[in-house]
Amino acid sequence: MPELPEVETVSRGLRKRALGRRIAAVEVLHTGIIIGDPEEFMRLAEGRTVASVQRKGKVLAVELAGAKQQGTGYLILRLGMTGQVTIQSVGDPLEPHTHVRMVFEGGNEELRFRDVRRFGRLRCCTREELDALFKSLGPDAQQATEAEFLRARRGRRGAIKSWLLNQQGVSGLGNIYADEALFEACIHPLAQPERISSDSARRLYRAVQKVLKRAVNLQGTTFRDYIDIEGRPGNYLRRLRVYQKTGEPCPRCGTPIRRIVIAGRSSHFCPNCQRRPRQVAKMRGSEKAPR
Ligand SMILES: [Zn+2]
């Protein structure tokens, strides 16, 4: 499932390949992934020029500059679980599950949005609507300052893993990079955000930065569906240290990696390097962790 590094990779690709280009025609092949009226969506995107590409968390916003009467609008792209944005030749065979095509002026190339599981969403909106959407998200995990990150954890109980996944706390992290960052920082996924020491919180901030930076440099992680704008997979998979490594030796101490379920999602961690905090152990002492 695409997280910040994958969305950032797509964002960079769009900047490189789509910036300054005019969208001559839009075709919606399946309307299910469009938010709002598909006819309106086409009308808002057609004839506009890609003026900038912005990202916050896992949300991509493509600024579309138009003629005077059209004003400026934004195309919001959410990749969901299996969304793919590519730029390819108009003549390339159309793959199944392609939902939207946007043909660039000149007629040789087009942007395609493909999504097998259909959790992705496309939407055209105004500047005000984009601002409201971005405001509803916590600070971007890559761009947040240490102070913002430390502030965001205040008053947050529950598992730190859930807090990292909740896009209103910090935005951009999903299951892969949350597990990897907690391992890097030696913090148990059930620790409470507001109860960990400032030292631990700072360590987590640095771990998040480190993991995301490496993953962005390697164009993200591909398990199944994620590809970049040119159709290439990400290269971070072989760098993963705990995510989906249940039973394998911890790369630091050799203890087998364990898996527990927190809020319906798998968490992978080393029970030796990431010690369970005492208050959590007491509170949930009777709970059996599934393997
Ligand atoms: Zn370990």
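In the predicted model, 63% of the contacts in the protein chain with a separation of 6 or more are between residues 24 or more positions apart. The secondary structure of the chain consists of 8 helices and 10 strands. The radius of gyration is 21 Å, close to the 19 Å given by the globule rule for 291 residues, so the chain is as compact as a globular protein of that length. Along the principal axes, the C-alpha atoms fill a box of roughly 60 × 35 × 30 Å. Of the 291 residues, 42% are buried.

The largest nonpolar core comprises 71 residues, and A45, V62, L75 and Y177 have the most contacts inside it. Helix α7 (residues 198-217) gives the most to this core, contributing 7 residues. Because domain 1 (4-135) and domain 2 (146-283) both supply residues, the core lies between them. When neighbours within four places in sequence are left aside, Y177 is in contact with E3, L4, V211, L212 and A215.

Most residues other than glycine have a negative phi. A263 counts as exposed, with 11 C-beta neighbours inside 10 Å, the cut-off being 12 or fewer.

Definitions and conventions
Residues numbered from 1 in each chain as written. Predicted model: local features only at pLDDT ≥ 70, side-chain atom pairs only at ≥ 80, totals over all residues. Core = buried A, V, L, I, M, F, W, Y, C linked by C-beta atoms within 7 Å. Buried ≥ 20, exposed ≤ 12 C-beta atoms within 10 Å, placed from the backbone. Helix = DSSP H or I, 4+ residues; strand = E, 2+ residues; numbered from the N terminus. Domains from an automatic or database assignment. Contact = placed C-beta atoms within 7 Å. Rg over C-alpha atoms; globule rule 2.2 N^0.38 Å.
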